[in-house]
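Keep the viewer open as you read.

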Amino acid sequence: MAVALGLVLTAAGLAGCSSGGTSTSSPTTSASTGPAAYSGPVPTRHTLNLSFLQDPGQPPDPAVYYAGQGLILQDNMYDGLVQYQPGTADRVIEPDLATSWTVSADLKTYTFTLRQGVLFHDGTPFTSAAVAPSIARDAAVNGGPAYMAQAVASVTASTPSTVVITLSAPNSAFLDYLAAAYGPRIYSPTGLAAHAGTDHDQTYLLTHDLGSGPYMLTKAVVGVAYQLQAFPQYWGTQPYYTTINLPVIDDLNTEELEFQNGQIDGILHDLTTQAIAQFRSNSAYRVYELPTLQSEYAYINPNNGFLTSAANRVAVMKAINLQQIVNSVYKGRGTVATQVYPRNLVPAGDASQSTITYNPAVLQKIVSGLPGSQKSFTVGYDNGSPDDALIAEIIADELSAAGLNVKSVGYPTSEIYNWSPPSSPAGAPDLLIEYIWPDAYDAYQWAHIALDPNGGINYLHCDVPGSSANLAQAVASNDAALFGKVGDTALQQGCLLNMVDSNDTFVVQPWLQGIVQGHVVAAPNSENLAGLHPGTS
């Protein structure tokens, strides 16, 4: 799904990584901390009230969950072996349940030294014996993120505090797999065995969790509300907020009203440009613009009408005024994208979109030669995203000016995902607006799902010749140039256009502290809740 601001590690940088952390630096995106320091009253309660606009659908099960807003539950209930360092826009992998690791020169063997003194929420001590059943469970469930676990050939618990993971093929992105918001998490092996049932614990995890994170799941009523409670025996620093309430408020206006009335303490998702501008202008609130890996894409359908020609698809891209979209929808919280990939996943200049300059005359000429029956055109968008709807209207107006008969249509997220391979895109629009982000802070974690013929978000089945072979070689050899080549081919084929690289925009009560420090660039709409606290700074 939906990674940014770093290059994949070189093989030399991976090998001998015994300090327990790896990083790749790139220009960071500054985070706005809103107005000046707050000096008003600070609530002393230990309950934090947040919300969901879109219900996660079920309590996030790391083997299944593959969306956005529910990450705040999953990432605070479960630990992985490693994690991305919060509070930075750079790609920094740091310890989690593993305290250090080494990687073989052939990128196939990863050896981890494990943290001691950790308990799972069911009281089971964490040892190396928990790693193999956790990875096996993710692979067996075979959900959207399963490919990360399925890359593992074997897991050997050589000592209680050491585990060796051997891959079936060289993989320069495997540490990113483990750090990813959707990557393998470690479950209580006792719990997995006790509640396996016939579906690998999926029923049990509808109402429980088997993690070791700072919070436990204590309430899960789909469509109504979720609640987390601090785990008293958490191995890290105890959270200030012992209870996190996350009611489902399915109307943005209602959500904003409850925030203004103090019923909820922050909104971490789906704010409209108008609402953000109003909150920015009001010193009673604090607005954060935080770097993320999300981008707004236009997907062109190669199966419909005159769009069967790559040249015609490129002409449609050139008729989209990206600066207008930023000014109208993402002003102050996004920039015109310059690369096919989300920002900074590949070196500057690779997969460049510089050839897609705004020139509607190219499409006008093509449309003028079409019979009237071929001028009907549908711009689709995810009807769960207010921003997508606004962008669709702008593009519909621009394409209408080029001579097409355009209508804008919203589609449920579930229907959009049903177009992905191996399903058929029958009934899909001519152009689809959708915001996406990579699975991890790594070029492969975006390219293989967006551009591979069998990728999970290659919604409209646009063919990128050579993508499968080039991506396999790129991740095995850590060849950044191959990632760029795949992106170049996708653009030449007119498959998709990266329109806007966007930020996470959070609005919170002015006394809520720790937002910047708890934000992870590769986990949209989420926060490390254990670091949040009230204050006046």
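**A guided walk**

Start with proline 422, which sits in the loop between helix H13 (413-418) and strand S17 (431-436). Helices here are DSSP runs of H or I with at least four residues, strands are runs of E with at least two, and both are numbered from the N terminus. Before going further, bear in mind that this is a predicted model: local features need pLDDT of at least 70, side-chain atom pairs count only at pLDDT 80 or more, and totals for chains, interfaces and linings use all residues. Residues are numbered from 1 along each chain as its sequence is written, and side-chain values use heavy atoms, with hydrogens and water left out.

What kind of peptide bond joins proline 421 and proline 422? It's a cis peptide bond, with omega at about 10 degrees. Another backbone spot to look at is alanine 351, which has a positive phi of about 50 degrees although it is not a glycine. You'll find alanine 351 in the loop between strand S14 (334-336) and H11. For context, most residues other than glycine have a negative phi, and most peptide bonds are trans.

The axes of H9 (residues 310-318) and H11 (residues 360-368) come within 7 Å and cross at roughly 130 degrees. (Axes are lines fitted to C-alpha atoms, for helices over the stretch in contact, and angles run from 0 to 180 degrees between N-to-C directions.) H9 and H11 are therefore oblique to each other. On this scale, angles under 35 degrees count as roughly parallel, over 145 as roughly antiparallel, 65 to 115 as roughly perpendicular, and the rest as oblique. H9 passes H11 in a left-handed crossing; left-handed means the near helix is turned anticlockwise from the far one by less than a right angle, and right-handed means clockwise. On the H9 side, the contact (heavy atoms within 4.5 Å) uses Asn312, Ala315, Val316 and Lys318, and H11 answers with Pro360, Val362, Leu363 and Ile366. By class, that contact has 6 nonpolar, 1 polar and 1 charged residues. Here Ala, Val, Leu, Ile, Met, Phe, Trp, Tyr, Cys and Pro count as nonpolar, Asp, Glu, Lys and Arg as charged, and the others, Gly among them, as polar.

Now move to H15 (residues 467-477) and H16 (residues 480-492), whose axes lie 8 Å apart at an angle of about 160 degrees. That makes H15 roughly antiparallel to H16. Their crossing is left-handed. Ser467, Asn470, Leu471, Gln473, Ala474 and Val475 of H15 make the contact with Leu482, Phe483, Lys485 and Val486 of H16. This contact divides into 6 nonpolar, 3 polar and 1 charged residues.

One more pair: H10 (residues 322-329) and H12 pack at about 140 degrees, with axes 10 Å apart. H10 and H12 are therefore oblique to each other, and their crossing is right-handed. In H10, Gln324, Ile325, Ser328 and Val329 meet Asp387, Leu390, Ile391, Ile394, Ile395 and Glu398 in H12.

The largest cavity holds about 210 Å³ of space, and 18 residues line it, the closest to its centre being Asp270, Gln294, Arg333, Asp387 and Asn503. (On a 1 Å grid over the protein atoms alone, a cavity is a set of points where a 1.4 Å probe fits but cannot get out, and a pocket is an open set with protein on both sides within 12 Å along at least five of seven lines; lining residues have an atom within 4 Å of a point. Grid points are joined across faces, edges and corners, and a volume is the space filled by probe spheres set on the points.) Strand S13 (286-300), helix H12 (386-401) and strand S18 (496-508) each supply at least two lining residues, with S18 giving the most, 4 residues. The lining has 6 nonpolar, 7 polar and 5 charged residues.

The second largest cavity has a volume of about 60 Å³, and its lining has 9 nonpolar, 1 polar and no charged residues.

Last stop: the largest pocket, with about 550 Å³ of space. Of its 31 lining residues, Asp75, Gln83, Pro86, Asp96 and Asn528 lie nearest its centre.
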